[in-house]
Amino acid sequence: MRTEIRPVSGLRYLFLDLNSYFASVEQQVNPRLLGKPVAVVPIANTDATCAIAASYEAKAFGVKTGMRIYEAKKLCPGLITIDARHDLYVEYHHRIMDEVQNHLPIEKERSIDEASCRLMGDECKPENARELARAIKAGIRAKVGDALRCSVGVASTVLLAKIASKLQKPDGLVLLPPEELPGPLLKLKLIDLPGIGWSMEQHLFNAGVTSIADLWALAPKQARIIWGSVAGERFWYALHGYELPEGETRRGSIGHSRMLSPRMRPPEHARIVARALLLKAAVRLRRYGDAAGALGFSARPERAPRFVADTTFSPTQDSFVLLEQLEKFWLEMIRENGRHEPLKKVSIWLHHLVPIEKRSADLFIARRPDGVSRGEALWTALDKLVTRYGRGTVAPASQHGVTLQYLGAKIAFNRVPDRVEFVE
Ligand SMILES: [Mg+2]
């Protein structure tokens, strides 16, 4: 099948990368470490273990991630080593992601300290994208922690946005519009590019490609040959700011999952998290203009076997319809495991996605002439209010108590609106 590949005009993705993430979290929770050279090390470290993160103060001495501690201490005798606390980093990860989502839906959490967001409509204008990036950065510092800095890149593909996020550290903000390419990339080394590791760099060298300029000048087919797979061609297109055709890059599903802290593991608490994850996925679904024809759910209990369920239905954007499906799964799970079995992780995913305008009519569902049901129209209107005025503003009518941000200590568990309550 031949498909047309079109260059993307404008800025389509925002990529966020926390700076010196683990070390910054340690500095955040322990102000004694602020301004000091800090290296985070695996538990039970000896001088032979490696730093898994270094604060900016440590980096100034030449300390790098992956460096052995005895070497790092030679460069920086005052280096403070801290045992890694992964639970803490995961907790901060959630807080950061939740704050990002006060400004923009997250397209994908790419690692513990990275996320990408898709820009749409006016958000793609450089001044608006810059404003959003600034708001996210300020929001993280104000609401999550003043020690947390991030670098943000904005560009036409995820790859370019990620590269842009690396161009300025710490606390960077770089827009990389397609018309400026490859200019700012030329100062990088091949190995600096995400997806090019040591062995790919060797392949490239062997093929006579020794700089970004060489790489840029390749034809897509040559990239395919060097990579030895279609991945090379994909990389070339992403680097040149081309979005691959819809059919290939179209999201197959929208999913969210969460590891639960011990406090959130009793099923009645875990249920609230699962519902909040589903509501979050539904916001993304509507934003993309898609309807979901299937919902998957899985829960990993502490002792019982994993519970997995999946169901199809007439494609919808209506959060209440989706919540009802989830509730059925939930009751089924409780029947199997009992209502006291603690849950370590819950996941939900929406799939069988169809663009809303391509959805066929359903005799059993009343829709308006534009093909949207009343419930869907209501949720879309709520999404707009939340986007315009912030989540808190419309809380009582919509998602009060279900924003994941407050699933920590603050949530009032009885405040998740049920359908009945909402319709009243
Ligand atoms: Mg980082």
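Student: Which residues of α10 are buried?
Tutor: In this predicted model, the buried residues of α10 are G232, E233, F235, W236, Y237, A238 and L239. Buried means under 20% relative accessible area, exposed over 50%, and partly exposed in between, with a 1.4 Å probe and protein chains only. Helices (H or I, at least four residues) and strands (E, at least two) are DSSP runs, numbered from the N terminus.

Student: Why is α10 described as largely enclosed?
Tutor: Because 7 of its 10 residues (the helix spans 230-239) are buried, α10 is largely enclosed by the rest of the structure.

Student: What is the numbering and confidence basis?
Tutor: Residues are numbered from 1 along each chain as its sequence is written. Local features need pLDDT of at least 70, side-chain atom pairs count only at pLDDT 80 or more, totals for chains, interfaces and linings use all residues, and side-chain values use heavy atoms, with hydrogens and water left out.

Student: Turning to the metal, what coordinates the magnesium ion?
Tutor: D17 (OD), L18 (O) and D113 (OD) coordinate the magnesium ion at 2.2 to 2.3 Å. Donors are N, O and S atoms within 2.8 Å of the metal (3.2 Å for Na, K and Ca); water is not among the atoms, so sites may look incomplete.

Student: Where do D17 and D113 lie?
Tutor: D17 is in strand β2 (residues 13-18), and D113 is in the loop between β6 (108-111) and β7 (114-118), 96 residues apart. Both D17 and D113 are buried.

Student: And S20, buried or exposed?
Tutor: S20 counts as buried, at 8% relative accessibility. Its phi is positive, about 40 degrees, although S20 is not a glycine.
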